[in-house]
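Here's a quick briefing to read alongside the model.

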Amino acid sequence: MVTAAQPLVTPAVPRVAGVRHLGPNWYASVMGTAVIATAGTALPVGAEGLRGVLPAVWTLSLLLLAALLAARALHWARHRDQARAHLLDPDMAPFYGCLAMALLAVGGGALTVGRRWIGTGAALGLDAVLFTAGTAVGLGSAVAVPYLMAVRQRTEPSQASPVWLLPLVAPMVSAALGPLLVPYLPPGQPRQTLLLGCLALFGVSLFATLITLPAVFARLLTSGPLPLALTPAVFLVLGPLGQSTTAVGAIAKAAPGVVPAPYDHALDVFAVLYGVPVMGFALLWLAFATALVVRARRRGMGFAMTWWALTFPVGTCVTGAASLARHTGLAVYDGLALGLYAVLVAAWLAAGSGTVRGLLSGELLAGPAPAPAGPAPGTGRTR
């Protein structure tokens with residue numbers, strides 16, 4: 001029985017953690033972990049001490065990928081309504097590009113890092129499977145996500161977000177990692193087809209990004225900074241910049257003996273003429289994004305899964321700078337790669353520790369808190 005002295009307030013019900021609220025954005029943790037290993041192998045001479053731990057980091061990314069694939073399959077099996085809601089949510093649907101990039105990043109790491117532990121044969125088979133699956137998912141998301149945004153979702157220019165770039169940059173990751181498989185194919189048309197296919201994937205992602213990026217930049221300039229929790233997403237713009245520089249460098253490196261002259265030399269020239277100005281813009285954006293994140297942190301930005309946006313995009317700039325160092329011979333790019341790798345490791349430690357704390361507390365997998373039925377008497381807000 002409720003007396004007059006008892007407030008009519010329902011006790012808060014604890015939110016239960018589980019896979020219902022496990023979205024595709026979690027694949028960003030796999031990408032951010034895998035790039036620690038792959039970017040580490042691209043560092044210049046003098047970083048050999050780091051390479052001893054890289055296979056362990058790659059193994060961790062492989063285990064994370066396996067765990068998330070199983071958890072997401074359970075999510076689709078038991079919570080199909082929530083999974084469909086994610087597809088129709090313009091803020092969540094683009095993260096399906098992270099699934100493709102997670103598959104590709106772990107696959108590429110198998111050949112560059114993992115083969116030290118599992119052998120070249122197993123690494124090659126794993127990379128072939130993950131590259132094929134990741135490329136298919138990446139191309140599918142690059143078409144399906146913009147299609148859903150056009151016909152099922154309603155967004156305004158003021159809602160433009162760097163997250164929109166995620167499904168568009170996935171084919172660029174394929175373009176950067178596909179050349180690793182070229183030497184293992186039979187000589188002749190198989191190798192040339194894969195290499196030129198990677199160049200086509202480069203074009204798919206590049207032109208889609210060039211169309212979308214102005215809307216994202218215009219939204220930041222005209223509508224103000226992103227919400228605090230979403231602010232780290234501004235680092236996502238570095239992804240297509242660093243990854244495209246990496247891609248043209250990898251394609252040019254694999255070209256001799258695969259494509260006829262003078263195209264192999266032209267690709268080598270293009271790697272420099274394209275990569276140098278793009279990396280310059282990437283450094284400009286890095287400074288801009290860092291300033292926005294520092295501002296948000298000072299205003300109370302706490303940990304969220306968006307912190308993983310600070311990892312993989314920076315990692316692509318590490319590999320892009322290392323590629324330019326190989327093609328130009330300039331020590332300044334070696335130094336840039338080392339400096340960016342230090343930033344990458346610091347960001348990974350911050351995102352990883354925050355994720356572990358959130359999992360242990362149950363906050364990251366908990367559903368949204370229920371809204372109160374109404375304000376208590378005498379507690380109305382005036383603003």
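Are F202 and Y274 buried or exposed? Both of them are buried, where buried means under 20% relative accessible area, exposed over 50%, and partly exposed in between (1.4 Å probe, protein chains only).

Before going further, keep in mind that this is a predicted model, in which local features need pLDDT of at least 70 and side-chain atom pairs count only at pLDDT 80 or more, while totals for chains, interfaces and linings use all residues. Residues are numbered from 1 along each chain as its sequence is written, and side-chain values use heavy atoms, with hydrogens and water left out.

**Aromatic rings**

- There are 8 aromatic pairs in the structure; rings of Phe, Tyr and Trp (its six-membered ring) pair if their centres lie within 6.5 Å, and planes under 30 degrees apart count as stacked, over 60 as edge-to-face and the rest as tilted.
- One of them is F202 with Y274, an edge-to-face pair at 5.5 Å centre to centre with 80° between the planes.
- That pair links distant parts of the chain, with F202 in helix α8 and Y274 in helix α10, 72 residues apart; helices here are DSSP runs (H or I, at least four residues), numbered from the N terminus.
- F303 and W307 also pair edge-to-face, with 5.2 Å between centres and 70° between the planes.
- F303 is partly exposed at 26% relative accessible area, whereas W307 counts as buried at 13%.
- F217, F281, W285 and F288 come together in one aromatic cluster.

**Helix α8**

- Helix α8 covers residues 189-223, so 35 residues, and spans 50 Å from its first C-alpha to its last, close to the 51 Å expected at 1.5 Å a residue; the expected span is 1.5 Å times one less than the number of residues.
- There's a bend of about 30° in α8 at L210, and a proline, P214, follows within four residues; the bend is the angle between axes fitted to the seven residues ending there and the seven starting there.

**Helix α7**

- Helix α7 (residues 166-177) has 12 residues and reaches 17 Å end to end by C-alpha, close to the expected 16 Å.
- α7 is mostly covered, with 12 of its 12 residues buried; among them are L166, M172 and L177.
- The buried residues of α7 pack against α5 (96-118), α6 (120-151), α8, α9 (238-254) and α11, where contact means heavy atoms within 4.5 Å.

**The salt bridge**

- How many salt bridges does the structure hold? It holds 1, with the cut-off being a side-chain nitrogen of Lys or Arg within 4 Å of a carboxyl oxygen of Asp or Glu.
- The partners are D81 and R20, whose side chains meet at 2.9 Å, N to O.
- D81 sits in helix α4 (residues 80-87) and R20 in the segment before α1 (27-41), so the pair ties together parts 61 residues apart in sequence.
- Both ends are partly exposed: D81 has 48% relative accessibility, and R20 has 28%.

**T311 in its loop**

- T311 is in the loop between α10 (263-298) and α11 (312-328).
- T311 counts as buried because its relative accessibility is 0%.
- The T311 side chain reaches the backbone oxygen of W308 at 2.6 Å.
- Leaving out residues up to four places away in sequence, T311 touches G32, V35, L344, A347 and W348.

Terms used: Helix = DSSP H or I, 4+ residues; strand = E, 2+ residues; numbered from the N terminus. Polar contact = N/O pair within 3.5 Å; in protein donor to acceptor, adjacent residues only side chain to side chain.
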